[in-house]
Each structure stands twice: as C-alpha cells, then as structure tokens.
Amino acid sequence: MSLAEIASKQENLELLAEGKTKQIFGIKGEKDYVLIRSKDSLTAFNAERKNELEGKSKIASKTTTNVFEYLQLLGLPTHFEQAVSDTEFIARKCTMIPIEWVARRVATGSFLKRNPGVKEGFRFADLKLETFFKDDANDDPQWSDEQIVSNGLMIDHLRVGREEISLMKKMTKLVFRVLEKAWALENSALIDMKIEFGVTVEGEILLADVIDNDSWRVWPENDRRLQLDKQVYRDMKEVTAEGLQLVLKNYTKVMDITSSFSKPRQNCHVLVIMGSGSDGVFARKISDSANGFGLETTLKVSSAHKTTSDTLEVLAEFEESGVPTVVIAVAGRSNGLGPVIAGNSSLPVINCPPPSESMSLDIWSSLRMPNGIGCTTVLDPSEAALAAAKILATHNHIVFGKVLTAQLKNQINIYNANRKLE
C-alpha cells in the first residue's frame, strides 16, 4: 500500500497539532512524513475575527499544492510531497522554526505603522525582509537578526545562528521572486508575502507550512482596489454573507490562476551547432544541461568552413521562428563557426570549443574575434548551458526560477560544507 493510500484512511492518522486554519497528522508507520489538512476557518487579527467559510479548505489546499508544485518544478527544497485529497497533502515531517519571514516589494499595511514617514506604495528595489517571532500571546513581535541569534533557538539539534538566518533570507527572497515573476504574467503584482521554515530529522532547513491566499497580498494591475487576498476580509468593517462570498470568489480566482504557474508561457531554444560529428558527445552534455533549465534544444552538424551556406540556412530558420534562441557553437582547431554565425545573425552566440591536445593553441581562435562580431567563449559545457539559460531567463519564468534555484543550491552546498567542518 502506498503512502498516499495509507494517509487517506482516518484510522491511520493521529492528530499532532492544530492551528487556526490547518491540522497536522502523524501517519501510522511513517516517522518522516505527516499529513496536513486545511480547514474552512477564515481568521484575521490573530483570530479575533473568525468565520467558517464552506469550501475554503479545498481552495486553500489546492492553491498550496499549485504553489509547491511550481517550486518543486524549479528544484527548490520544500517539505511538500504530494496531494492526497481535495483538502490534504503529504509533507516531510519538520520541526518548525518559530519565526515568520515576511518579504515586501511595496510598503503597505503594518509596515507603514512601524515606519512612520514612509509613503504607501514605496517600492523596495531590493526586497525588504522582516522577521517576527511566533508568539500569539504577544501578537508576534518583530525580531531583529540579533534577537534571533541572542535567543539561541534550538530546533532539534540545529541552533539557529547567523549562517542559518542568512540561508533563510536567501530562500525567502528566491521564493518571493519566482512567485512575483509568475504573478506578473497574470498582470498582477505580488506586494508582500510571509513564509515559514522547518528542520527535518537530518537537520535540513526546508520551506514548510502552507502557502495559500492567506500568505500574501496580490494586486491585479498593481491596483490595491482590485486586491484578491485576505486583506479584503481584514478591511471589512462588518462581516456579511455577501462579503464572505466575495472572499470565496477571490480565493477561487487565485486557485485557478496559480494552477498555471507550472506551465511555460514562452518556449526558449538552444541551438547547438557542432563543426564535426565527432563532437556529438560533448554537444550532448550542453544539450542535457540546457534541458535541465527547461530549455528546448536542437543539435546540428554544420561547418562554417566547408558548408557555409548550409550553416546560414539553419540559422535563418531559427531567426525566422521568433522563438528566443541562443546559439552555442562547438568547434575546435580554427574556430570559424562561432564568428561566422555571430557575424551574420542577431542571435546571441556562445563559443564552447571541445577539449583537445592542442587546445592551448586552438583556444585563441575562439577568444580573439574581429571587430563587430560579439560572441563570447565558455569552455565548460554545463557552464555554456547556464550562460544560455541566463540570457533566456527574461523570456521564460520557469527558466528564470531554475537559474535562481541553481544559485541557491550552490549556496546551500557551501552552508552544508561549513556545518560539517563545525
């Protein structure tokens, strides 16, 4: 019986914790996973305002699933595993870090109260990050980095210090930026959002909890009057049946919109042209790496020296297609391929010459270009693919997210290496 089948039976579940809007269950026979169930509860002002909204649990759970499936597609480490019903999903078991991380692109709401003199709508070019200690009795006070460090939070065997804070800052910024990019495709501005992190048994820090329409402010057309999030509920002077139906309508719209986050809107292409069929293995390394960033790839063999007109015909097809394309030229010895393509095309061209015994001599034909050519040279095939992905990231939000996630993973690797030394 699969984990999802086990978790789908109530007799296999044990309630571990219950919050304002969700329940967390242990799963019989599973020490590494839990089941998270959404509730129909809608709360505001630290639960001073509370209503039951039929159908909200399904909408919230589906929105969370949409968001986490998008983040999974990008390769971001999260606690999410899989949805098991309309209101439930399985997650890796984490001990939660009692800090709420808030990322802001635009100054509004409580930020203005804490920072008098800042005008509403002030835009933070670099995301403004704030942290709040989760303490309902004291209305979740804001904490500085120094307060977090000084309190020596121990989460299982992990002490939350400056390195952990730095890592969670990077993760918070990444989550905001990739969601901001997805919302922008819907002509909507992500204004701010809150997230939380947990620690696994192995000591891994993961994005945890839920991310639904209670987690952010979203303004269609960057117009606060059109807001789709829970602020509509907060702004009600008096809660009415009509008002709750408006909230439900907005939440449903957000659920539908987020279902498209994992779908690419614009195909992007990497054309790998090699001067010889013997370079096929090397060229496929480029192609495989490019595919990992969500890029389509085409491999062609064509010689700038021997079949110049054919090379330019291939090039013309991709220029005519209108699909954003980067050309990677794989040619050694006297590299005429990259320069000829770059000199006859507006497409970006990257030279990636294959290794050879005479490379110390051959490399100059890729590095020293005549005036007016404008192609670059990258020696490592995976790095050439990454360079192409960065060029194309502005055209495709999934490529953009995968590039950011790859950078974050490098930072996580450095963090883990430091932990091992300590």
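1. Buried here means under 20% relative accessible area with a 1.4 Å probe, counting protein chains only. Helices are DSSP runs of H or I with at least four residues, strands are E runs of at least two, and both are numbered from the N terminus.

2. Before going on, please note that this is a predicted model, in which local features need pLDDT of at least 70 and side-chain atom pairs count only at pLDDT 80 or more, while totals for chains, interfaces and linings use all residues. Residues are numbered from 1 along each chain as its sequence is written, and side-chain values use heavy atoms, leaving out hydrogens and water.

3. Back to helix 2. Its end C-alpha atoms are 27 Å apart, which agrees with the 27 Å that 19 residues should span at 1.5 Å a residue; the expected span is 1.5 Å times one less than the number of residues. Just after the helix, Gly75 has a positive phi of about 95 degrees.

4. Helix 2 (residues 56–74) lies across strands 3, 6 and 7, at about 130 degrees to strand 6. Such angles run from 0 to 180 degrees between N-to-C directions, with axes fitted to C-alpha atoms, for helices over the stretch in contact; contact means heavy atoms within 4.5 Å.

5. Those strands belong to an open sheet of five, in the order 1-2-3-7-6, with antiparallel pairing. Strand 1 (13–18) and strand 6 (80–83) are its edges. Strands pair if DSSP finds at least two bridges between them; strand 3 (residues 30–38) and strand 7 (residues 88–92) share five, and Tyr33 stands opposite Arg92 in strand 7.

6. The largest nonpolar core has 80 residues, with Ile211 and Trp216 touching the most other members. Such a core is a set of buried Ala, Val, Leu, Ile, Met, Phe, Trp, Tyr and Cys residues joined through side-chain atoms within 4.5 Å. Beyond its neighbours within four places in sequence, Trp216 has contacts that include Thr63, Val67 and Ile211.

7. Finally, UniProt lists residues 268–414 as "domain: PurE" in an unreviewed entry; such annotations may be inferred rather than shown by experiment. This span is 49% helix and 16% strand. Look too for the open five-stranded sheet with order 18-17-19-20-21 and parallel pairing. Within it, six bridges join strand 17 (residues 269–274) to strand 18, where Lys300 is the bridge partner of Ile273.

Terms used:
Buried < 20%, exposed > 50% of the residue type's maximum accessible area, 1.4 Å probe, protein only.
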